[in-house]
Amino acid sequence: MGRVTESAPLDVDLALLGGGGAASLLLAALDRHGVHDLRIAVVDPVRRRGQDRTWAFWGHPGTDLDPLLSASWQQVEVATAARRRVLDLTPLRYAMLRSGPVYDRAAAAERRLDATRIVAPADTVTDDGTRVRVRTGDGHTVRAGWVLDSRPRPPARAGRTTWLQHFRGWWLKADRPVFDPTRAVLMDFRTPQPPRGVSFGYVLPVSDRYALVEYTEFSPDLLTDAGYDAALAGYRDLLGLDPAGLRVREVENGVIPMTDAPFPARPSPRVVRLGTAGGATRPSTGFTFSAMYRQADQVARALAAGRPPVPQAAYPRRHRWMDAVALRALDRGGVGGPDFFDRLFDRNPAERVLRFLDGVTTPAEEIAIMNSTRLLPMIAATAGDAAHRVRDRLRPTRPVPAVPPAVVGAEPSP
Ligand SMILES: Cc1cc2nc3c(=O)[nH]c(=O)nc-3n(C[C@H](O)[C@H](O)[C@H](O)COP(=O)(O)OP(=O)(O)OC[C@H]3O[C@@H](n4cnc5c(N)ncnc54)[C@H](O)[C@@H]3O)c2cc1C
């Protein structure tokens with residue numbers, strides 16, 4: 001590994017600011033594409049390792065992620081009070097990836113790439129158009145040809161709708177077979193719905209006795225610690241699981257922004273933002289992983305070909321507009337969340353909906369998707385969104401709300 005001293009600046013080709021999800025996928029992609037001749041620095045106050053999140057995502061099988069998966073399912077269930085629908089995802093599959101193997105693989109790639117690790121926050125970033133100067137919290141200076149920045153940050157300005165996806169999950173160990181490992185529950189809207197927002201539960205089984213069971217809300221505000229526990233216990237009961245035969249092995253909490261606020265992906269000529277900071281979080285669902293993975297591959301391929309490390313936008317502009325309209329319709333009460341998702345899955349093949357949520361559908365497929373939503377509230381939301389955009393242009397300086405930290409409760413008893 002390279003060394004960095006306080007007095008001499010460290011010159012590198014590539015500085016990764018933030019070493020979390022996006023950077024871990026990027027390090028693995030650089031290694032996979034044989035980008036071994038670049039000088040790389042990774043700046044993060046934390047060395048991420050072990051289990052701090054579980055990624056669920058869909059995609060085609062047969063990628064480099066396959067050996068890292070904890071589980072994958074060909075079938076998923078979407079449930080509402082009215083019906084339980086089983087979707088066959090072929091040729092896609094839904095998959096679960098725990099953070100530990102992702103961070104381990106990134107650490108191995110980092111060693112092979114001979115990257116320099118600076119365990120400190122990146123503070124100031126100054127781009128003069130040919131090189132970027134990064135000052136770190138421990139007094140170091142890094143001069144980089146390109147900066148790939150995935151540090152969490154607020155959007156450039158406030159969104160017209162600002163929601164949060166917030167959740168708590170329990171890894172449940174059962175004393176007898178109670179889960180169906182052949183099938184995941186993608187969204188179960190039978191949970192009591194909040195006054196403003198959408199809630200659902202989901203189940204990701206890795207065996208017939210072990211599963212991640214989560215309660216999620218899309219809404220403006222977080223719950224309390226007791227509120228998450230009560231909601232999750234309610235969902236466990238709804239699933240018919242007897243708490244006496246279950247043990248909570250781990251707890252997972254999280255908050256993800258769901259907003260139409262802009263996350264600039266290229267704030268200056270030689271700084272590229274990745275991950276949630278770069279707009280990889282889909283506003284209407286909070287799903288981020290597939291876009292991060294796609295962009296990591298694009299950046300690595302570009303560098304391997306001697307091109308600038310600039311990926312395509314995480315989602316096409318028309319998808320961001322459709323998400324803004326959908327979020328508005330959900331927020332202003334024009335459309336009920338369970339009804340919205342129920343109709344999407346009812347009137348479209350599952351594969352089309354999932355590819356749409358990944359931002360990779362064609363315009364013709366998107367028209368079919370839009371036609372499956374309730375037209376009048378969507379037209380009202382479209383008009384409201386257009387009027388709001390005009391107002392924003394005239395009065396653009398609303399304060400940007402920060403994404404609050406997740407509510408973390410006591411550790412589960414063993
Ligand atoms: C618990 C949880 C579960 C999730 N599950 C899913 C899922 O199932 N599917 C999905 O698609 N998405 C999911 N997401 C959303 C998204 O995929 C993750 O948040 C993902 O980790 C985002 O990657 P990132 O690199 O943008 O941010 P992070 O992984 O949060 O990485 C940001 C890094 O920046 C570092 N940092 C902070 N400040 C500084 C600084 N000043 N200088 C340098 N580094 C700094 C942090 O230490 C961190 O390592 C989940 C998120 C959470 C929190």
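How many of the 15 residues of α5 are buried? In this predicted model, the count comes to eleven, so the helix counts as mostly covered, with buried meaning under 20% relative accessible area. The buried set takes in His-319 and then Met-322, Asp-323, Ala-324, Val-325, Ala-326, Leu-327, Arg-328, Ala-329, Leu-330 and Asp-331. As for its geometry, α5 runs over residues 317-331 and spans 21 Å from its first C-alpha to its last, close to the 21 Å expected at 1.5 Å a residue. Just past the end of the helix, Gly-333 adopts a positive phi of about 85 degrees.

Turning to the ligand, 29 residues sit around it, and the ones that come nearest are Gly-21, Asp-44, Ala-56, Thr-288 and Phe-289. Sorted by class, this shell holds 14 nonpolar residues, ten polar ones and five charged ones.

Asp-44, already listed among the nearest residues, has a side-chain N or O atom 2.6 Å from an oxygen atom of the ligand. The side chain of Arg-53 likewise places an N or O atom 2.8 Å from a ligand oxygen. With Ala-122 it is the backbone that takes part: one of its polar backbone atoms lies 2.8 Å from a nitrogen atom of the ligand. Taken on its own, the ligand would expose 980 Å², and the protein buries 86% of that area.

Conventions
Residues are numbered from 1 along each chain as its sequence is written. This is a predicted model: local features need pLDDT of at least 70, side-chain atom pairs count only at pLDDT 80 or more; totals for chains, interfaces and linings use all residues. Side-chain values use heavy atoms; hydrogens and water are left out. Helices (H or I, at least four residues) and strands (E, at least two) are DSSP runs, numbered from the N terminus. The expected span of a helix is 1.5 Å times one less than its number of residues. Buried means under 20% relative accessible area, exposed over 50%, partly exposed in between (1.4 Å probe, protein chains only). A residue is near a molecule or strand if one of its heavy atoms lies within 4 Å of it. A polar contact is a pair of N or O atoms within 3.5 Å; within protein, one must be able to donate a hydrogen and the other to accept it, and residues adjacent in sequence count only if both atoms are side-chain atoms. Accessible areas come from the Shrake-Rupley method with a 1.4 Å probe; for residues, only the protein chains shown count as cover. Ala, Val, Leu, Ile, Met, Phe, Trp, Tyr, Cys and Pro count as nonpolar, Asp, Glu, Lys and Arg as charged, and the others, Gly among them, as polar.
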